[in-house]
Amino acid sequence: MLFRSKKADETEKIIDEKIEQTKKVETRLEEDKKIIESVKEDIDKIAPKLFRKLNIFWTDAPPVIDGKETDQCWKNAEVANDFYVHSTIYRDTGMKHPANQTEVKVCYDAENLYLFYTCFDKNIAKLVLGQPQDHADIINVHADMVELFLDPTPGEDRTGKKMSDNLYFQMCVNPLGSTYDTRGYSGKSWNPKWQVKTAVGSDRWTVEMAIPFSELSFPNQFTATPNKGDIWGVLFARDQASLQTWSRWTTSGIRNSHGFHEVATYGKLIFQGRTDGKNLPIVKVEDFSPLGFGKNQMSLNISEKITRSE
């Protein structure tokens, strides 16, 4: 008859406990692995909405600002669409689509940035027109409206920027064609000269804009015509009054209290030059002598030498 020592029994018990602990750890690892895979899938779904970009191209035939999408430049433009309902700190919409979608097209030339909004509406009779132009600079968030946010800081990383930095522009238009514009969160003193025309149809309303680059400037800073490859921050947004819905092209990904003014969540507007890759007009300084105070002369040679860009 074999006898086991007390120590052997204790050792076996410890081994059994270790085996059980190992099994539990392996089970947790499998569960964590499933969670990680699920998170990866969510990130893959959300990331394209968080970091969207729109290529925009130079037009040699600028559109007629009439609220109609008949110009050739709009036929060639990329489309910003697939808007999401905006999540706020008070309401998490869970990446939902609005009942009515929106499309935006953008192009540019030496003078202006051009935009065309198409706001689809299944019940156009409930469109809330808003205030007439004599009430400009009084934003009515309870009316239908399109909104544009621009951060014209070429290539700069916008991560960490705050709305208080005032390094962006907000421009809004209602179905009547009334405008609201501000520089930063509290820059109502900024009153740019820009063209707007709207049109209301049976199942949509449209907005066409022409915004001069010369108007998009900050104090002590001039905004010139963007070069090919320049990147601006951009957010296209829409307010739908009858549905009390605010939608945006790039989702914030998180609930935030700053609404559309969270600059770090803006997408990218990429200036791509001509669609065929040909160079834009070249300006060469032929004679650049030191300039003194008073009237000066400068000799420039402007040519449109067409060569295939690298």
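A residue is taken as buried when its relative accessible area is under 20%. By this criterion, in the predicted model, strand β6 is mostly covered, with five of its five residues buried. The side chains of Phe169, Met171 and Val173 point one way from β6, while those of Gln170 and Cys172 point the other way. In a regular strand, side chains alternate between the two faces of the sheet.

Strand β6 pairs with β5 in the antiparallel sense over five bridges, and in this pairing Val146 stands opposite Val173. Strand β7, comprising residues 179–183, is likewise joined to β6 by five bridges and runs antiparallel to β6. Here Val173 stands opposite Thr179 of β7. The hairpin formed by β6 and β7 has five residues between the strands, and Gly177 in this hairpin takes a positive phi near 90°.

Strand β6 also contributes to the largest nonpolar core, which contains 35 residues. The members touching the most other members are Leu113, Leu115, Tyr117, Met209, Phe236 and Leu269. Two or more residues of this core are supplied by each of β1, β3, β4, β5, β6, β9, β10 and β12. When residues up to four places away in sequence are not counted, Leu113 touches Ile56, Val106, Cys107, Tyr108, Leu150, Met209, Ala210, Ile211, Phe213, Trp232 and Phe271.

Methods
Residues numbered from 1 in each chain as written. Predicted model: local features only at pLDDT ≥ 70, side-chain atom pairs only at ≥ 80, totals over all residues. Heavy atoms only, no water. Core = buried A, V, L, I, M, F, W, Y, C linked by side-chain atoms within 4.5 Å. Buried < 20%, exposed > 50% of the residue type's maximum accessible area, 1.4 Å probe, protein only. Helix = DSSP H or I, 4+ residues; strand = E, 2+ residues; numbered from the N terminus. Contact = heavy atoms within 4.5 Å. Pairing = 2+ DSSP bridges.
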